Amino acid sequence: MLSYILRRLLYAVPILLGVLVITFVLFRGLQKPDTIAKLALGQKAPTHALAAFKAKHHLDRPLPEQFGLYLKGVATLDFGESWKTGRSISETFIAGLAPTLLITVPGFICGIIAALGLALYQVFVRHSRVDRAMTLVCVGLMSVPTIVYIIVCQAILALQFNYFPAFGFEFRGLETAKFLILPVGILAVVNLGYDGRMFRAVFLEEIAQDYVRTALAKGVGNMQVLTRHVMKNGLIAIITLTVGQLPALIMGSLLIESFFGIPGLGNQLFLAIQQGDQPVVMACVFLGALLYLFALMLTDVLYAFADPRIRLS
Amino acid sequence: MGDFFNHWLTRNCITLFGFALLGWVLWNGSHHERWQRAWQRFRADRAGMISLVIVGMYLFIGALEVIRVPDGKGGNRSLVDVAFAGRIPSEKTYSAPMATQLLSSVTPTPLAGRHLFGTDALGKDVLVETLKGCSTALIIGGLTSAIYIPLGTLAGLMAGYFRRRVDDVIQYIYSTLAAIPQILLLIAIIMVLDKGLGQMAVALGVTGWVGLCRLIRGETMRQSERTYVMAARALGQSHWQIISRHLLPNVMHLVIINAVLGFSGVVLAEATLGYLGVGSPVGTPSWGNMIDGGRSELSRDPLVWWNLAAAAAALFVLVLSLNLLADSLRRAFDPKRS
């Protein structure tokens, strides 16, 4: 197991290098230093300010030297300072981690539990009218852009009826939940349609297997077959589907945090994109890639736990 | 460059070429027994047929907006403009659906006409703007497909057929691309290329081929084991002949299903990119821009909801139909599963 994990870590190195090269080429290699400086300082910034900015952030050095500096920074996990606020990126990221996790983790878990319940119920009443109607609802949920969910929920539930605060976030013990309900709910609903359909397909495939017929024949109840046999055997496919979605949570929290003014990672990234704050965006790309590779490895390790037949070697 | 691509003749040629290409693929497919059987099953599928008709209508309206005719003043206008010219008056600013006077003016100002979906901030009819939005969906969807489908299919076929080194290289490239959060890659590419529909399509195409490539690679590996490939090799056919004559037709249905799903993904992505400030250029009639505009309109008093509602509804119906169409196609080609 350990040697397997070590080997996977070694495989990840060339991919991370590739990610760094692509990031550097896109952000530095293909954009002129002047354009970068103007994005950060504004289009009407005077020439001497641009020159000073470029000198301060080494943008006037030759590209290979810049790449060397960038690699060195990443290797020591020092992403430098934000061009806008001048604060250390690592510190602001750590500060933003708590609000982001408070939203994404419950949102993710609620979404998966809801999707599992939905899929199990659909398989329970499979090929009936209810099943078909629920599948249609799932496809409908998939067909609404995240941004419309957010705009409409915010406008109706928060602005019109004042059930929830429309904006902001504070740590106030239990009252923190007030700020979280709407973002968490939206995050759970956004993936519900897709997950529900996938899980249903997985369960339907399992239910056609012989062991299900055997279990039913020997008198195991319908509910028990579903929860004990079908769910356990569908676990592998479900793990792949859900863990693969972890990196995509970045995207969801990016929109939700910026809309609800939650000072998490997604919001920092959103502001950085808007303000041309390149080091922050580049650091986010690197973190996203790390998260992706971690999720891949986690999938394999969880496989081995879910199915003893799989040996990691 | 921009002038060349905005010239009405170029636009029309590209549009016609795109539709011709689609027709050619379907025509070629219609000779295959597998496709014929799938079509028979598909025809019996009511949901599939309805969604096919709806998607076809969207494409038709989109094409009407993309195809341009010279307006006699040196510029050009679309067939949608021609159809509505003189029939729909424009107002000064917002008016509610079917209202008789302008919204929130101190002195009641009568409107020049009734508007089914109201008018937007510039006084344009929302229904016409929504119809025009089909064109943006069509342009981005079409151009993106034209980029990522050949790329993903070819890479997948090569990786699955040659394996070894070729497979290693292609796998490395797509693992690296997949590792970068897609939205950030999109934003970075659009920042480099500048804003524009074509540029957005390039960005979506470059990031979008990974899934297709992975799918085709797996299926090609499975097909390569089959006897017909072995027979072709024994008969001395070249690698290129085996790939293009034997493997491609056998994975093409997956490409079509994936393309339909990809289209819906692109339409959804356009809406998100608009909010992030890297979407369709200002002034393009796009649902993404209308939805993004609706964000501030919903906090106005009195509430302006019709702009957002019209764009979101148009987008929802298209994406829903595309998703259902993809499902029906999958059922038609592969009746044993699902």
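How many of the 37 residues of H6(B) are buried? The count is 30, so H6(B) is largely enclosed by the rest of the structure. Buried means that 20 or more other C-beta atoms, placed from the backbone, lie within 10 Å of the residue's own. This is a predicted model, in which local features need pLDDT of at least 70, side-chain atom pairs count only at pLDDT 80 or more, and totals for chains, interfaces and linings use all residues. Residues are numbered from 1 along each chain as its sequence is written, while chains are lettered from A and ligands numbered from 1 in the order in which they are written.

**Confidence**
- Chain B has an average pLDDT of 83, and 93% of its residues score at least 70. pLDDT is the predictor's confidence in each residue, from 0 to 100.
- The model's ipTM is 0.82 and its pTM is 0.86.

**Helix H6 of chain B**
- H6(B) covers residues 126-162. Helices are DSSP runs (H or I, at least four residues), numbered from the N terminus.
- A kink of about 25° is centred on Ser145(B). The bend at a residue is the angle between axes fitted to the seven residues ending there and the seven starting there.
- Arg163(B) follows H6(B) and has a positive phi, near 55°.

**Where chain B meets chain A**
- The contact uses 35 residues of chain A and 32 residues of chain B. Two residues are in contact if their C-beta atoms, placed from the backbone, lie within 7 Å.
- On the side of chain B that touches chain A, H13(B) gives the most, with eight residues.

Methods:
Helices (H or I, at least four residues) and strands (E, at least two) are DSSP runs, numbered from the N terminus. The expected span of a helix is 1.5 Å times one less than its number of residues. A residue is buried if 20 or more other C-beta atoms lie within 10 Å of its own, exposed if 12 or fewer, and partly exposed in between; C-beta atoms are placed from the backbone.
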